[in-house]
Amino acid sequence: MANAYYTCNLLPIQLLASAGYSPVWLGNRLVDPNQPARREALAVHPMTCPYVTQLVAAAEQTLANGPTEDCLVVAGGCDAMRRLGDLLLASFPGQVFVLSMPRSGDTGAQRFLADELRSLERWLTGRATGTAESAAGAEPPTVDYPRGPSPGGVFVVAGPLSDASFLDLLGELGVAVSGLESCTSPDRRQALAGVAEADFSSLAAELLRVGVCPRRSTRLRREHLRGRLDAAAPSSVIYARQSFCDPGAYDAVLVAQLAQERGLPYLEVEIGFPFEASGPLRTRVEAFLESQLLDDDLLDWDLPAVGTADGKE
Amino acid sequence: MPGMADVTANSLSAALIRGAFLAQTRWKAMQARTARRYMELHALSASLDLFKPGAVVPWVSYLFPTELLASYGLTPMIPEIGSATLTGSDLREAVEAAAARMPLARDVCSYHRIALAAVENNMLPAPSMCLGTTPLCLGKECLLEMLAVKHGVPFRDIRVPLPPDDGEASPAVVADVADQLRALHDDIGRWTGRKPDLGKAMRLSNRASAAWGRVMSDRLAGRLEMNGRKTFATVFLGQLLWGTEAGAKDFERLLTERGRGDLMAPTPLNGGKQRRLLWLHTVPHHDKELFNLLEQKNAYVVFEEMGQMHLEIIDPDNPFPGLARRLTDHTLWGTSTRRAQLNVALAKRLKVDGAIHFNHWGCRHGLGSVPVVRDAFVEAGIPFLAIDGDALARGGPSQEKSLQQMESFLELV
């Protein structure tokens, strides 16, 4: 059975499976970093986010070495991802489909996305060699909460995460996670698992309702994040942003404002893809978390009153 | 000599200085009598009005059809043009310092970063509405909507699907975009309480388009050789004037030798053969070193990709389909393959000696297409160079590297 690799967790994997493909998130097929670089490898500009950079390499490796029945579906949500699709389509003609994603969620946007999904289905079935399957054999992102979300913990906002390493790091530092807002989060995955393929219009509407990611309308995103923060009841917020990510850059400003409105300590860190808990990053997160504990400790202190030796006024 | 800081304040003395500053610019224009000088005057004059109390300030994206605003007598505030103007003025240091203090990541497009810092620090007027288009990039949509949310003003974006690599966008797509433009035009009237005259704006825009179209076809046919860098700077500023009487007259000035006198191609050094280059993407606005080097090496930019704007005449009685088509099939929009095909064809038609792509800082749309564009030029046997830089920078760490790359490239071609 041929694989249909995909770049975005928002894609309805049931659509890929129904067309006879095994859906595989491309983030699960990253190139081994120890593998020597090839001179003729596809190159992207260094001012490109690590996610896109890694996916270009992963796609080139999987498509070049796999059967020609395999394909790749790129959700062209941001400029960098759209250009990734362009590059791979030029390199692997007939094997790549770029799905345009609207920003807003209005009826025009729903109609537009429904048309895009219809085109995708036509393209998939037109080149498929397998028979319709269930999505049970899919390989989605594997990020999960180390322990269930805990109110009072840290709320993490991030772009795509390769795995749960960042959440594990917080656990190692003795802090619970109150929620994860990421396109690879289990919350997103679970919400999408229930999206049935009734008709393209309702599918598009549902995808736009669920997938309120940083590239979407600021107003929608603000409402979405408000709801998530209020439900998660966190004690602080960390934004794990990938460098050279435009939607992430503007989203981080929005999240900082929401944290400030709630009086929550906020930290923005730059992370790579795949995630690596480097020394400086670990130290920054540790210092941020410790500063909160320190504040709490200071509040709890029974300070002696000024003026008398025994602390009595 | 007053500076930008003096003319953008909201006081009687600022108004007087503004008047004196404009008079001086007008005097320069009257002396030169060139399209470029008059366009500077009219763009400056219209933009300074945006600082007046009670002014309606529509922040719009670079490709937004500004005739929809001219219909209501409104001048657009285009972030890219605002940023380029401020960083070329005596407010440069202040706006750069403000941008450095902002929480927004430094790796986003500098046009947008500077524009945000400027509006947050009263160096550009706050928006009354923010209007975007899907082309060209997502970053400016994020910027415009963020500003709209912050200032509590309306935001609209015109959703424009990607055109096919070959041929035109379908009539259904054009009709959908036209409907969005029509609804937005009505909304602008509702928000401002003004009466529209889109027919007049379109007739004026068409006059400008007819003139600009003639200049461009003469350039493409080799009948007219203009300096692409200076021409781009003029058209860039002209974005503020489409659909206005001043804009129509200024573009028509390009039809006379005197009117385009300061935009012509340089004369060859020592009578030698000049190398003619195609420039892709934006240009460094304030950094003259690269272009000085070109002159020293007897080379110049004969044509600029971004000058290909507003070349169509649009039916003034039913303008929305034409305005929509201008967006859906814009040469700067579409896939990397489309961009590569269009530019290779352009390079062949112009018989250029090479092409330069300017990788503007933080522009994922532009630099993301470079691998495909480069391959297409290499396949066509046309020398191609991509240089990194910041369109708003003066000097800086990347300049030296770019100069070396350019020097080697010119030796090659």
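This is a predicted model: local features need pLDDT of at least 70, side-chain atom pairs count only at pLDDT 80 or more; totals for chains, interfaces and linings use all residues.
The crossing of α2(B) and α3(B) is left-handed.

Two packed helices are described by the angle between their axes and the distance between the axes. In chain B, helix α2 covers residues 12-32 and helix α3 covers residues 35-49; the two pack at an angle of about 160 degrees, with 8 Å between their axes. Angles over 145 degrees count as roughly antiparallel, and α2(B) is therefore roughly antiparallel to α3(B).

Which residues in α2(B) and α3(B) meet? From α2(B) come R18(B), L22(B), T25(B), R26(B), K28(B), A29(B) and A32(B). Facing them in α3(B) are R37(B), Y38(B), E40(B), L41(B), L44(B), S45(B) and L48(B). Sorted by class, this contact has seven nonpolar, five charged and two polar residues.

The loop between α2 and α3 of chain B contains R33(B). Phi of R33(B) is near 55 degrees, a positive value in a residue other than glycine.

I turn now to chain A. The domain assignment divides chain A into domain 1, residues 3-137, and domain 2, residues 154-299. Taken over C-alpha atoms, the centres of domain 1 and domain 2 of chain A are 24 Å apart. In the contact between them, 27 residues of domain 1 of chain A touch 32 residues of domain 2 of chain A.

Which helices supply the domain 1 side of that contact in chain A? At least two residues each come from α1 (13-18), α2 (50-65) and α4 (107-127) of chain A. Helix α4(A) gives the largest share of this side, six residues. The classes on this side of domain 1 of chain A are 14 nonpolar, 10 polar and three charged residues.

The next topic is the contact between the chains. Chain A contributes 35 residues to it and chain B contributes 30 residues. On the side of chain A that touches chain B, α3 (79-91), α4, α8 (218-232) and α9 (246-261) of chain A each supply at least two residues. Here the largest share, seven residues, belongs to α9(A). By class, the side of chain A that touches chain B has 18 nonpolar, nine charged and eight polar residues.

The loop between β7 (236-242) and α9 of chain A holds F244(A). This residue, which is not glycine, has a positive phi, near 60 degrees. F244(A) is buried, because 23 other C-beta atoms lie within 10 Å.

The bond from F273(A) to P274(A) is cis, with omega near 0 degrees. P274(A) sits in the loop between β8 (266-271) and α10 (279-300) of chain A. In chain B, a cis peptide bond joins P135(B) and L136(B), with omega about 0 degrees. L136(B) belongs to the loop between β2 (129-133) and α8 (138-151) of chain B.

Let me return to the helices of chain B. Why is helix α14(B), residues 319-328, described as largely enclosed by the rest of the structure? The reason is that nine of its 10 residues are buried. The buried residues of α14(B) are P319(B), F320(B), G322(B), L323(B), A324(B), R325(B), R326(B), L327(B) and T328(B). They pack against α4 (67-70), β2, β3 (155-158), α9 (171-192) and α10 (198-220) of chain B.

I81(B) counts as buried because it has 21 C-beta neighbours inside 10 Å, where 20 or more are needed. What does I81(B) touch, leaving aside residues up to four places away in sequence? Its contacts are F236(B), L237(B), Q239(B) and L240(B). Between I81(B) and G322(B) there are 241 residues of separation in sequence and 25 Å in space, C-alpha to C-alpha.

To close, I return to the two helices of the opening: α2(B) and α3(B) pack with their axes 8 Å apart, and their crossing is left-handed.

Terms used: Residues are numbered from 1 along each chain as its sequence is written. Chains are lettered from A and ligands numbered from 1 in the order in which they are written. Domain bounds come from an automatic or database domain assignment. Two residues are in contact if their C-beta atoms, placed from the backbone, lie within 7 Å. Helices (H or I, at least four residues) and strands (E, at least two) are DSSP runs, numbered from the N terminus. Ala, Val, Leu, Ile, Met, Phe, Trp, Tyr, Cys and Pro count as nonpolar, Asp, Glu, Lys and Arg as charged, and the others, Gly among them, as polar. Axes are lines fitted to C-alpha atoms, for helices over the stretch in contact, and angles run from 0 to 180 degrees between N-to-C directions. Angles under 35 degrees count as roughly parallel, over 145 as roughly antiparallel, 65 to 115 as roughly perpendicular and the rest as oblique. A crossing is left-handed if the near helix is turned anticlockwise from the far one by less than a right angle, and right-handed if clockwise. A residue is buried if 20 or more other C-beta atoms lie within 10 Å of its own, exposed if 12 or fewer, and partly exposed in between; C-beta atoms are placed from the backbone.
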